[in-house]
Amino acid sequence: MALDLASLLGRKNPPLVGLDISTSDVKLVEISEGSNKAFKLERYGSELLPKGAVVDGNIENIEQVSEAIRKVIKKSGVSAKNVALAMPASAVITKKIILPGNLSEQALELQVESEANQYIPFAMDEVSLDFCVIGPSANNAEEDVEVMLAASRKEKIEDRVAVAEASGLQAKVMDIESYAARASILRLIEQQPNAGQDQIYALFQIGAKVTYISILLNGEVIYERDQQFGGNQLTQDIVRNYGLAFEEAELKKKQGDLPDSYEMELLEPFLESAALEVTRAIQFFFTSTPYTRVDQIFLAGGCAVIPGLVDMIAERTKISTSVVSPFKGMELSSNVSEKALRSDAPSYLVACGLAMRRFG
């Protein structure tokens, strides 16, 4: 089980760089230990990917992705070679199982492989499998333990490892994107009054094509799903309306360099759609779970900083809404521009969570 999904084993190998490979770009974060054992953001950066280089979480063009990684390494000044990567949640099967607590590590490994056969619809030799013991089983008076197993197709993991190696990096950790984002958000919740105890937080990560929703209570995910909605819809509208190439439209969207008609004709309808998606997701959460409230909405992802989005979602949902930065409360090195970080930070939840793996 050398590399596999070492995310769940808590291995650390400092120094370590967090590298998030998404549909639209690659993002990189390096964190060190600052004063009083606080985190210190050393470097971060991103590089856009050519359209089609990554599709639905699958790396379609290794050379294009590794070239983007080489560019962001050079641009950010990162010198560390060890890297933590992540698989999309859709590419990983996770399952909690109950096993006897008195097993040796070798016996536990054999038992996990045996149990995994029930849940994995592939031949075991096609799969990378990993597991970690969460703790004593809550539902059993005996000495049983709860174990989380995770499995993914080897070829999908090997693609990410190949991209890292082609970029001059060594893959040391393979996490799951949703787990890495959760690590970032839990750190922020700990900074809330009373460490966020008994409060229900809804995280909306609005990406290029997909919005990922996680709802947390007391450190546990009580609901998660994804919706086919993202910033590419606005970019495509810009392409159609103004006759731009996709990459140019994406850049002008970020820089706000668009005609005066853009705000009313394209931006406002997009904001309305985003607010509607969030409202529907919360209503669906209420109707499909025993819960009847959300105390705070956190927005992340590249779209989170679009002017007017926070206010519109707060108005439509009647729930306190804010944009989150995974770097909140961290020291910043002289390599980091605080001004640029304000707009960039919300899209770095996964990369930051991966970089934090350095500290186990």
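Mentor: Start with R153, which is partly exposed because its relative accessibility is 22%. The cut-offs are these: buried is under 20% relative accessible area, exposed is over 50%, and partly exposed lies in between, with a 1.4 Å probe and protein chains only. This is a predicted model, in which local features need pLDDT of at least 70 and side-chain atom pairs count only at pLDDT 80 or more, while totals for chains, interfaces and linings use all residues. Residues are numbered from 1 along each chain as its sequence is written, and side-chain values use heavy atoms, with hydrogens and water left out.

The partner of R153 is E155. Their side chains form a salt bridge, 3.8 Å from N to O. That term needs a side-chain nitrogen of Lys or Arg within 4 Å of a carboxyl oxygen of Asp or Glu. E155 is also partly exposed, because its relative accessibility is 46%. In general, side chains of opposite charge can pair when their charged atoms come close.

Now the strand. β9 covers residues 144–153 and runs antiparallel to β7, joined by 9 bridges. Strands here are DSSP runs of E, at least two residues long; helices are runs of H or I, at least four; both are numbered from the N terminus. Two strands count as paired if DSSP finds at least two bridges between them. Within this region, K95 sits opposite L149 of β9.

Next, the sheet. It is open, has 3 strands in the order β7-β9-β8, and pairs antiparallel. β7 (92–100) and β8 (127–136) are its edges; each has a single partner strand, so one side of each lacks a neighbour in the sheet. On average, neighbouring strands are turned by 25° against each other, direction ignored. Helix α3, residues 154–166, packs on this sheet and touches β8 and β9. Its direction makes about 70° with that of β9. For such angles, axes are lines fitted to C-alpha atoms, for helices over the stretch in contact, and values run from 0 to 180 degrees between N-to-C directions. Contact means heavy atoms within 4.5 Å.

E105 is exposed, because its relative accessible area is 66%. Between E105 and A166 there are 61 residues in sequence and 34 Å in space, C-alpha to C-alpha.

Back to charged pairs. The count of salt bridges comes to 14. Among them is R70 with E67, whose closest N and O atoms are 2.9 Å apart. Both lie in helix α1 (residues 62–76), 3 residues apart, or about one turn of the helix. R70 has a relative accessible area of 28%, so it is partly exposed. E67 has 32%, so it is partly exposed too. E63 joins E67 and R70 in a network of salt bridges.

Another pair is R293 with D295, where the closest N and O atoms are 3.1 Å apart. R293 is partly exposed because its relative accessibility is 37%. D295 is partly exposed because its relative accessible area is 24%.

Look at one more set of strands. β2 (residues 25–33) and β3 (residues 39–48) pair antiparallel over 9 bridges. V29 faces Y44 of β3 across that pairing. Their hairpin has 5 residues between the strands, and N36 takes a positive phi near 50°. β3 also pairs with β16 (residues 331–332), here in parallel over 2 bridges. In that pairing K40 stands opposite E331 of β16.

Last, the whole chain. The chain has 10 helices and 16 strands. Its radius of gyration is 21 Å, and a compact globule of 360 residues would be near 21 Å, so the two agree. That radius is taken over C-alpha atoms, and the globule rule is 2.2 Å times the number of residues to the power 0.38. Buried residues make up 49% of the 360 residues. Of the contacts with a separation of 6 or more, 66% join residues 24 or more positions apart. The chain exposes about 17200 Å², with 47% supplied by carbon and sulfur atoms. Accessible areas come from the Shrake-Rupley method with a 1.4 Å probe; for residues, only the protein chains shown count as cover.
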